[in-house]
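Subject: The structure, and what turned up in it

Hi there,

Here is the structure I promised to pass on. Please open it alongside this message, and my notes follow below.

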Amino acid sequence: MSQTLRDAFHRQARACDSLGSPFMARLCTLLATRLEPDSPLTRRLFDWPGDVTATGDAVPLRLTGALHALRLQGHPALAAAYPPAQVTDAALWQAVQSVLATEGAFIDRFIDSAPQTNEVRRAAVLIAAGHWLSDRFGLPLDLSELGASAGLNLNWDRYALALPGCTLGPADPVLTLTPDWSGPLPPPRAPVIASRAGVDLNPIDLDDPAQRLRLLAYLWPDQPDRLERSTAAIAAQPPRPEAGDAIDWLEAWLQPRPGRLHLICHTIAWQYFPAATRARGAALIAAAGAAARPDAPLAWLAFEADGNAPGAALSLRLWPGNAGFQLGRADFHGRWVQWNPTPAAGQAGADGPLTACRATE
C-alpha cells in the first residue's frame, strides 16, 4: 500500500510539472520520497482504503490542498517556505514535517472530502462556444451546467476573452482571460444568457469562509494568477449551484424551451460521474434532443478528457438533427485553446467556416 501512495505522489508530481507548477511537482516528489507512516495522520494516508490516485480519491491533492489551506491562513512555517519564498528542499521538507506534526487534526478533517476546484480559465471555451452557438441560432441561451462546483463559470458571459487582434465579452468584464489561442476566431455575435443554473453533488457555498478557503486551497501555490482570477470571480457573486445528482437534476430541466437554445455543458466533470450515471445522462439528453424543435433547439457541450493528447477535447452535439462537431482541444487549466470547429465524422457539410470576431480598437 505504501508503494501505491508513493507512486501516486510521483504521478501527481509529473502532472503538476506538465501543468506549469514546478513547486507542486517538487512538493509531491518530496512527499513521495520522504513521507513515512509514523503518526496517526500519515498512517491514515498510507493505509487509505480506496484508490489513492488522481482518477480515484486523489489523496496527494487532498494532502497538498490541506497544506495550502494552512498557508493561506498565514501559518508561519509554510509562509517562510512556500512561494514566493525560495528555499532548499531540506528547508521546505522541514516546514512540511513540522506542520504535519502540529496541524494533524486540521489536516485529518480537511482530507475527509475530495478535492474540488472551479478553474475559471476553462470559461474561455464556454465563451468561444457561446459565440459560435449564438451566431448559428440567434437565440437567447438557457444555461445548465453539470458539476458546477462553486458556480464561477456560470458567469462566463461576464468574462472577457482576449484573442489575437480582438476581444470578446462585455466592455466592463469581471475578469479577462488570455489563453494562448490557435485557429480561427469565433464569430462576433455576443450570446445573451436568458437563464443560468447549475448542479453539483457538493456545491461550494461561497458565503461560508471555510468552504471558500477549501476552493482556493486547491489552486497551486506558485500560480498566484489563478488565485487572483478566482477571487475576482467570487467577488462577482455567481449563482450558487443546486445540490444533487447531476442527471436527476437535469431530467427536470429537459423540457423544450420555445424561443431559447438550451445549452447543457460540463468541463472536466463528466469523467467523475459513475459509468451508469453517464449512460443514463447520455440517453436522457439524446431523448430530449429527439424532441427538440427548430424554435427550441438543444446543445450539449463537453470539455472532457478523451484519452488523447494534448489537453482535453471540445465536443458539441446539436438537435434537432443530432449534428456532431469537434470544436478543438484545450489545456485542462485553460492555458491554451486549439480552436478548430469541424463536423464530426459522418457530419461533413453540416456547417461552414466561421467568421472572425471584431478587432479590438
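Ile268 sits in the loop that runs between β8 (261-267) and α12 (275-290). Its phi is near 50 degrees, a positive value in a residue other than glycine. Please keep in mind that this is a predicted model. Most residues other than glycine have a negative phi, and most peptide bonds are trans. Is Ile268 buried or exposed? Ile268 counts as buried, because its relative accessibility is 10% and the cut-off for buried is under 20%.

Gln237 also has a positive phi, near 55 degrees, and is likewise a residue other than glycine. You will find Gln237 in the loop between α10 and β7 (242-243). Gln237 is exposed, because its relative accessible area is 68% and the cut-off for exposed is over 50%.

While you are looking at the backbone, there are cis peptide bonds to visit. One runs from Pro83 to Pro84, with omega near 10 degrees. Pro84 is in the loop between α5 (76-81) and α6 (89-102). Another cis peptide bond joins Ala309 and Pro310, where omega is about -5 degrees. Pro310 belongs to the loop between β9 (298-304) and β10 (312-319).

Next, the aromatic rings. How many aromatic pairs does a search of the whole structure find? The search gives eight. One of them is formed by Phe110 and Tyr218, a tilted pair with 5.7 Å from centre to centre and 45 degrees between the planes. What does this pair tie together? Phe110 is part of helix α7 (residues 104-110), while Tyr218 is in the loop between α9 (209-217) and α10 (224-235), so the pair links parts that are 108 residues apart in sequence. Phe110 and Tyr218 are both buried, and together with Phe106 they make up one aromatic cluster.

Charged groups meet rings here as well. Arg214 places its charged end over the ring of Phe110, 4.0 Å from the ring centre. Arg226 lies over the face of Trp220, at 5.3 Å from the centre of that ring.

Tyr218 and Trp220 both come up again in the cavity. The structure holds one cavity of 30 Å³ or more, and the largest cavity has about 40 Å³ of space in it. Which residues line the largest cavity? They are Met24, Leu61, Thr64, Gly65, His68, Ala217, Tyr218, Leu219, Trp220 and Pro221. Helix α4 (residues 59-72) gives the most to this lining, with four residues. By type, the lining has seven nonpolar residues, three polar ones and no charged ones.

Leu227 is worth a click while you are in this area. Leu227 is in helix α10 and counts as partly exposed, at 26% relative accessibility. Apart from its neighbours within four places in sequence, Leu227 is in contact with Leu72, Leu216 and Leu219. Leu219 is also among the residues that line the largest cavity. From Leu227 to Ala217 is 9.0 Å, C-alpha to C-alpha, and these two are 10 residues apart in sequence.

Asp135 is in helix α8 (residues 123-137) and is partly exposed, with a relative accessible area of 37%. Which residues does Asp135 touch, not counting those up to four places away in sequence? The answer is Pro187 and Arg189. Asp135 and Gln326 are 191 residues apart in sequence, and their C-alpha atoms are 17 Å apart in space.

Arg43 is in helix α3 (residues 40-46). Arg43 is partly exposed, with a relative accessible area of 39%. Leaving out residues up to four places away in sequence, Arg43 touches Pro37 and Asp38. What separates the C-alpha atoms of Arg43 and Ala171, which are 128 residues apart along the chain? The separation is 53 Å.

Happy browsing, and do write back with any questions.

Best wishes

Technical notes
Residues are numbered from 1 along each chain as its sequence is written. This is a predicted model: local features need pLDDT of at least 70, side-chain atom pairs count only at pLDDT 80 or more; totals for chains, interfaces and linings use all residues. Side-chain values use heavy atoms; hydrogens and water are left out. Rings of Phe, Tyr and Trp (its six-membered ring) pair if their centres lie within 6.5 Å; planes under 30 degrees apart count as stacked, over 60 as edge-to-face and the rest as tilted. Helices (H or I, at least four residues) and strands (E, at least two) are DSSP runs, numbered from the N terminus. Buried means under 20% relative accessible area, exposed over 50%, partly exposed in between (1.4 Å probe, protein chains only). A charge sits over a ring if NZ of Lys or CZ of Arg is within 6 Å of the ring centre and within 35 degrees of the ring normal. Contact means heavy atoms within 4.5 Å. On a 1 Å grid over the protein atoms alone, a cavity is a set of points where a 1.4 Å probe fits but cannot get out, and a pocket is an open set with protein on both sides within 12 Å along at least five of seven lines; lining residues have an atom within 4 Å of a point. Grid points are joined across faces, edges and corners, and a volume is the space filled by probe spheres set on the points. Ala, Val, Leu, Ile, Met, Phe, Trp, Tyr, Cys and Pro count as nonpolar, Asp, Glu, Lys and Arg as charged, and the others, Gly among them, as polar.
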